[in-house]
Amino acid sequence: MNTDTHRCHGEPISVHLCPSVVPCLEVVGLSKQFGGITALKDVSFAAEDGRVTAIIGPNGAGKTTLFNLAAGVYPPSSGEVRLRGHSLAGLPAHARARLGIARTFQNVLLFGQMTALENVMVGRHGRSRAGFIASALRLPSARREEEEIHLQAVRYLNLVGLGSRADALAAALPFGQQRLLAIARALATEPTVLLLDEPGAGLNAFETAALGELIVRVAGMGIAVLLVEHDMNLVMRVAEKVIVLDYGEKIAEGPAAEVQKDPRVIAAYLGEEEVP
Amino acid sequence: MLGVVRRNGLRAYNRSRRRFPATGRWPLALGIALLLALPLAGTYYTSLAIVIGIHTMVAVGLCLLMGYAGQVSLGHAAFYGLGAFTSGILTVRFGVSPWLALLAGAVGCAAIAYATGYPIFSLRGPYLALATLAFGIIVYVLFVEVKELTGGPQGLPGIPPLAVAGFAFDSDLKVYYLVWAACLAVLGFSHNLVRSRPGRALRAVHGNEEAARSLGIDVDAYKVKVFVLSAVYASLAGSLYAHYVTFVSPQPFGFMFSVKLLTMVAVGGLASVWGGIFGATTVTLLSAFLGSFSDLDVVVFGLILIAIMVYMPQGVTRWLLDVRDRRGWTRNHR
Amino acid sequence: MAIGQLVQYVVSGVTIGSVYAIVALGFTIIFNVTGIINFAQGEFVMLGGMLSWWLIACFRLPAPLAFVLAILLTAAVGALLERVAIRPARSAPALSLIILTVGASIVLRGLASWAWGKDAVPLPPFSGEKPVAFLGAAVTPQSFWVLGITLGLMLALHLLLSSTMLGKALKACSINRRAAGLVGVDPQRMSTLSFALSAALGAVGGIIIAPVTMASYDAGVMLGLKGFTAAAVGGLGSQPGAVVGGLALGVLESLGAAVRSEYKDAIALALLFVVLFLRRGRIAAEGR
């Protein structure tokens, strides 16, 4: 375990990556309205280090909105998100990324015109410092850092199994590998929390199994993984805790097997009629 | 099966290598040799090459802004003119040393770019284009109207040449080496920048802003930084221009020059630093050639822009390379 | 300032503002149907005025015929621009399209200066020059023509879009291009049509304002810029917004010019800045 001290807009915030009483990521009374539509209503839960928390629910339940709020894409209408007990209110997305919140996107959003390696190297951005002047003048400190970035990026590519595709153009990779690349890129930021938004969508059974293994390995690194997924097999396999959203509200929380049998959850997915 | 993977990987690897074309050792050495020897061709070519060098400096800055950060600036001539006029006004009206004036111009343009950058880049697409266009025109109007400083449409004569310890850059030959030394410095600076952490960050911003933010990149700050950098390049070029021609007037710094800059960047390839030389050379030569047919040069530039945007939006150099790639591809595939 | 003077400025502001409104409407139509910002819009206005002058001065055509011909020719130019330059580049990134239309505008401008020279040329007012007294100000009859025709145009446009099949097709395209295609509307033809329509609109604007400001090869630059300002101010894509924006811009500019006339253009553009930054949030939301 290592301890890091981060700065955010000049304010020191320490984020300790050691097991503590304070949960890693907390969502407290989070609500979000878009005009007249309530996307999220008073949602609260906590995610612990090294555990996989799955967030499931029918389409439109507010899962991606939840991720966007946690990542800082837009501010909540009320409630807050806390990282190790410190409120993230007012922090823009890039500041949260530097504090340790990493994410992947439903529609991948790779830098298509850059190679796989370069994509992951961008992931190292928050952990490096060389600025315009130092880089343009090729100062020794910048060159050393560049080598380090390169090394780390290769490491993360190997972690997800894409080591051989380092110089392939991201847009040219097959879809399953693109998803893995996105995860590698997010991992390169050395996050405390990893938000995976439907990483299994569009993957075949073989790829999904590999993804499941990867998620378990990532959690084993001490990272709190939040997983939005529709693939119930994947969720059952990797998630220690499952949270169910419906119409923006949390309707169930608990271990996967329990939640699966919860009548409210069944009703949310299948409608009100009884399943004989 | 493994063989196919290896071949695919190798092709992709080669393709990625070719993304920064013509930067092997010997083309560079050849280029430098050519540059050193060029004045032997006579004063006409020397003076033309000076202008090309100056234009390249501005074009490279715009390349970084448009090609790498993916932002547009339709008023970049304004910074070029601000550099030129700052140098002119400070040296002629206030007796300031030319080097200090050059520095003042660069700092001034950096400050203006910084101040206008955040608000301007909070805009998107056509609004951004419009704002930069308006900026260019406002500055131009100021050049024309603030006659006490700029001399208005008549211009400002009598600008002293740059000098170092008594050695004055007052002949075409001397200015030529000065300008190209500066130009190569700017090119080298930019080349290093592009292949480094900030360069990747810029390309990430261009690729997808939301993803870039999720990786810790302050997108807005980066856009402003590259805007400031491109403004500084333009200002330096403008100052060199002023001390070379020893006379500035508003006329060369209007919308048409911004369009020519756009054409340079478009021809050279939006995302190619070295393409900046190619673009600047092409456009400047074309301009010189068409200068005699004064109305039609405008038409030709417009048509070139249209043609490039329709058929080769990645720029002429990339188009040529792609053609070569495609032919190579079919040969390997057999 | 005396009330008469104020009215004078307001009237001249509304007059020029009407042209801005027409240009803004042209922008709006093309933007709605194709999603493109046509930086060459101002040149259509220029062509309207220049072609009319040319037809009257060199071909001795009677004014009404010249006007109609000028409008049709400009519409043809607009359609040609779309077919030749825009359509092949449809899938290009937005930046490329912007540069492309900028290129088109300078081509048109260059051709105009090559064909007709750089001097400003006059166009006779429609019904005489004797000013009419109105609220203490002297208003030329041409101003009334400008306002009247602008109102007429807006009405005609509104009728076209809401009551004719063609108008509905255009609207369908602007709401959802693909869906429109699926129900039998040809989006490509609609694109060409929107360019032709906007060009025709622009030409009308050029014709009605030329007697006031004279026509010249470079009239299009500032008109296009200010027309786009007006459209952006009113909310890009909103027709009533375009008109309100145009009139407001014209009046503000006129009043500003009363203070410092050489800086008239700079003032208008500074206003543009202010509005763009104020509406930043709304624009960002529109862009999403």
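This is a predicted model: local features need pLDDT of at least 70, side-chain atom pairs count only at pLDDT 80 or more; totals for chains, interfaces and linings use all residues.
Residues are numbered from 1 along each chain as its sequence is written, and chains are lettered from A and ligands numbered from 1 in the order in which they are written.

Let us start with chain A. Its secondary structure comes to ten helices and twelve strands; here helices (H or I, at least four residues) and strands (E, at least two) are DSSP runs, numbered from the N terminus. The radius of gyration of chain A is 19 Å, close to the 19 Å that the globule rule gives for 276 residues, so chain A is as compact as a globular protein of that length. That radius is taken over C-alpha atoms, and the globule rule is 2.2 Å times the number of residues to the power 0.38. Along its principal axes, the C-alpha trace of chain A spans about 70 × 45 × 40 Å. Of the 276 residues in chain A, 47% are buried. A residue is called buried if 20 or more other C-beta atoms lie within 10 Å of its own, exposed if 12 or fewer, and partly exposed in between, with C-beta atoms placed from the backbone.

One residue of chain A is worth a visit. Tyr247(A) sits in the loop between strand E11 (241–246) and strand E12 (249–254) of chain A. Its phi is near 50°, a positive value in a residue other than glycine. Tyr247(A) is partly exposed, with 15 other C-beta atoms within 10 Å.

Now turn to chain C, which has twelve helices and two strands. A compact globule of 288 residues would have a radius of gyration near 19 Å, and the 19 Å of chain C agrees with that. The C-alpha atoms of chain C fill a box of roughly 60 × 50 × 35 Å, taken along the principal axes. Buried residues account for 51% of the 288 residues in chain C.

How do these chains hold together along the sequence? Two residues are in contact if their C-beta atoms, placed from the backbone, lie within 7 Å. Among contacts in chain C between residues at least 6 apart in sequence, 74% join residues at least 24 apart. For chain A, 66% of the contacts between residues at least 6 apart join residues at least 24 apart.

Chain C also has a loop residue with a positive phi. Arg60(C) lies in the loop between helix H2 (41–59) and helix H3 (63–86) of chain C, and its phi is near 55°, in a residue other than glycine. Arg60(C) is exposed, with 8 other C-beta atoms within 10 Å.

Next, look inside chain C at a pair of helices. Helix H1 (residues 3–34) and helix H5 (residues 141–163) of chain C pack at an angle of about 30°, with their axes 9 Å apart. Axes are lines fitted to C-alpha atoms, for helices over the stretch in contact, and angles run from 0 to 180 degrees between N-to-C directions. H1(C) and H5(C) are therefore roughly parallel to each other. Residues of H1(C) including Val11(C), Val14(C) and Leu25(C) meet residues of H5(C), among them Val146(C), Leu147(C) and Leu157(C). Angles under 35 degrees count as roughly parallel, over 145 as roughly antiparallel, 65 to 115 as roughly perpendicular and the rest as oblique.

A pair in chain B gives another example. Helix H4 (residues 77–94) and helix H6 (residues 125–145) of chain B pack at an angle of about 30°, with their axes 8 Å apart. That makes H4(B) roughly parallel to H6(B). Among the residues in this contact are Gly81(B) and Phe85(B) of H4(B) and Gly136(B) and Phe143(B) of H6(B). By class, the contact has eight nonpolar, two polar and no charged residues. Ala, Val, Leu, Ile, Met, Phe, Trp, Tyr, Cys and Pro count as nonpolar, Asp, Glu, Lys and Arg as charged, and the others, Gly among them, as polar.

Finally, see how chain B meets its partners. In chain A, 37 residues are in contact with 29 residues of chain B. The residues on that side of chain A divide into 17 nonpolar, twelve polar and eight charged. In chain C, 38 residues are in contact with 33 residues of chain B. The largest share of that side of chain C, 16 residues, comes from H4(C). By class, the side of chain C that touches chain B has 29 nonpolar, five polar and four charged residues.
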